[in-house]
Amino acid sequence: MTTTPSDKTAPAHRGPTRAYLTVGILFSLVAAWLLLLTAPGARDDERAFTTASECTAAAGRGASDCLRTVKAVIDRTEQETMRKTPSYWLYITEADGTSTRTRIDGNPDLTPAARPGAAVDVTYWQDRIRYVGFGSDRHYTNADPRGAFRIPLVVGLVVGIFGAMLLASAAATAWSGRRSLKAFPWQVGLIVTGGTSLILFGAVAPWLSNDIGKALRLTGLAGLVVLALCALAVPFLRRRNRGGDDTIALRPSVLTEERCFPGLIMGEVPYASSAGYLIAGPGLLATTPDPTGVFHRKPAPRTLTPLRLRPPYLTDPTGRPDYDGRAVVLECEDNGVPVLVVTRKKDAPAVLGALGPVRAE
């Protein structure tokens, strides 16, 4: 049996295509905001902080663009328990009587200088404490702007690549829907594989450089490599899917005992069920809602005849499970009534073993 392209598959593609387009556009806008505004702004703050000079006496307390260092005394420390990385709150009182706190990474027990009553130097920049001097040691606070551009850059790259992957998937889904009945065309699978690889690199690239432009160039270079590898894979995948016959050849299992696994039977027959599990045994195929396969069995009759095993189609009845993209469909008939047995590919040999070999064309 072969698949026949038809415009009738277009409505089934309409929902996924619209979803891909909507989410892809949204993610692309978020990525543009992060990459064009947030990350460059954080990088500019880092440059301004690292090049800032000490405030002069004339600048006074209101100065914010210079480094203002004041004397303070530690009141107490408090371990932060709401975060996975160790950190603690440092409560201080400045020389003018101002009390405040700041959070520092680490454990106060491992910082002997962070004891109540100890004198420290607190350095402000743009009205926030950026680091605390414990004698000759300098501990940066959670407001340290150095490297702060990396998080929005990572998120922007990951979200942007994912958005581009969704937009490409939308185009591939709309294109393949007029040429194939398959619910999971190879074009989309190739896009997802390449996009996922590039997402992983995009999450790493910002940590390999202190420059946004270099991180973007590295990601772009990786994108060219991924595109080249995908282009090399296209002829192989196209050749493997050429001809229209998408029948899957699997050997039936030799069953010596019953097995229970996810699956269901669909069709206008009394034993059809969306219960969720199939039981396959010697001469037995049944549905059950019980994952142990003990209760509420509904066996299929011996008149159920397998015809062919194929991938899921867009024209399959509503409610057909995907099993995370691992579903296969066994086309059967029962006295002329079409019946579909849906399960995972790894469990399909057991179904074939229970029903007998596929009927020769």
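Me: How many cavities of 30 Å³ or more does a search of the whole structure find?
Reply: One. A cavity here is a set of points on a 1 Å grid over the protein atoms alone where a 1.4 Å probe fits but cannot get out.

Me: What should I know about the source before going on?
Reply: This is a predicted model, where local features need pLDDT of at least 70, side-chain atom pairs count only at pLDDT 80 or more, and totals for chains, interfaces and linings use all residues. Residues are numbered from 1 along each chain as its sequence is written, and side-chain values use heavy atoms, with hydrogens and water left out.

Me: Ok, what volume does the largest cavity have?
Reply: About 40 Å³. Volume means the space filled by probe spheres set on the points, with grid points joined across faces, edges and corners.

Me: And which residues line the largest cavity?
Reply: Leu309, Val328, Val329, Leu330, Val341, Thr343, Ala348, Val351 and Leu352 (lining residues have an atom within 4 Å of a point). Strand S12 (327-334), strand S13 (337-344) and helix H5 (348-355) are the elements that give two or more residues to that lining. Helices (H or I, at least four residues) and strands (E, at least two) are DSSP runs, numbered from the N terminus.

Me: How does the lining of the largest cavity divide into nonpolar, polar and charged?
Reply: Eight nonpolar, one polar and no charged. Ala, Val, Leu, Ile, Met, Phe, Trp, Tyr, Cys and Pro count as nonpolar, Asp, Glu, Lys and Arg as charged, and the others, Gly among them, as polar.

Me: Back to H5. How many of its eight residues are buried?
Reply: Seven of the eight, so H5 is largely enclosed by the rest of the structure. Buried means under 20% relative accessible area, exposed over 50%, and partly exposed in between (1.4 Å probe, protein chains only). The buried ones are Ala348, Pro349, Ala350, Val351, Leu352, Ala354 and Leu355.

Me: What covers the buried residues of H5?
Reply: The cover includes strand S7 (259-267), strand S8 (277-281), strand S9 (284-288), S11, S12 and S13. After H5 comes Gly356, with a positive phi near 105°.

Me: Where is Arg344 found, and what is it in contact with?
Reply: Arg344 is in strand S13. Leaving aside neighbours within four places in sequence, Arg344 is in contact (heavy atoms within 4.5 Å) with Phe261, Pro262, Tyr323, Arg326, Ala327 and Val328. Arg344 counts as buried because its relative accessible area is 17%.

Me: What about Ala300, buried or exposed?
Reply: Buried, at 13% relative accessibility. Ala300 is in the loop between strand S10 (298-299) and strand S11 (304-310). Its contacts, leaving aside neighbours within four places in sequence, are Ile265, Tyr271, Leu285 and Ala286.

Me: Switching topic: which strands form the open sheet, and in what order?
Reply: Six strands, ordered S3-S2-S1-S4-S5-S6, with antiparallel pairing. Two strands pair if DSSP finds at least two bridges between them. Strand S3 (99-105) and S6 stand at the edges with a single partner strand each, so one side of each is left without a neighbour in the sheet. Neighbouring strands are turned by 40° against each other on average, direction ignored. For that angle, axes are lines fitted to C-alpha atoms, for helices over the stretch in contact, and angles run from 0 to 180 degrees between N-to-C directions.

Me: How many bridges join S2 to S3?
Reply: Seven, joining strand S2 (residues 87-94) to S3. Trp89 has Arg103 as its bridge partner in S3.

Me: And S5 to S6, how many bridges there?
Reply: Four, between strand S5 (residues 128-134) and strand S6 (residues 137-140), which run antiparallel. Val132 stands opposite His139 in S6. S5 and S6 form a hairpin with two residues between them, and Gly135 in the turn has a positive phi of about 70°.

Me: Last one: what lines the second largest pocket?
Reply: 13 residues, of which Gly194, Gly195, Leu198, Val226 and Leu227 lie nearest its centre. A pocket is an open set with protein on both sides within 12 Å along at least five of seven lines. The second largest pocket holds about 250 Å³ of space. H3 gives the largest share of its lining, five residues.
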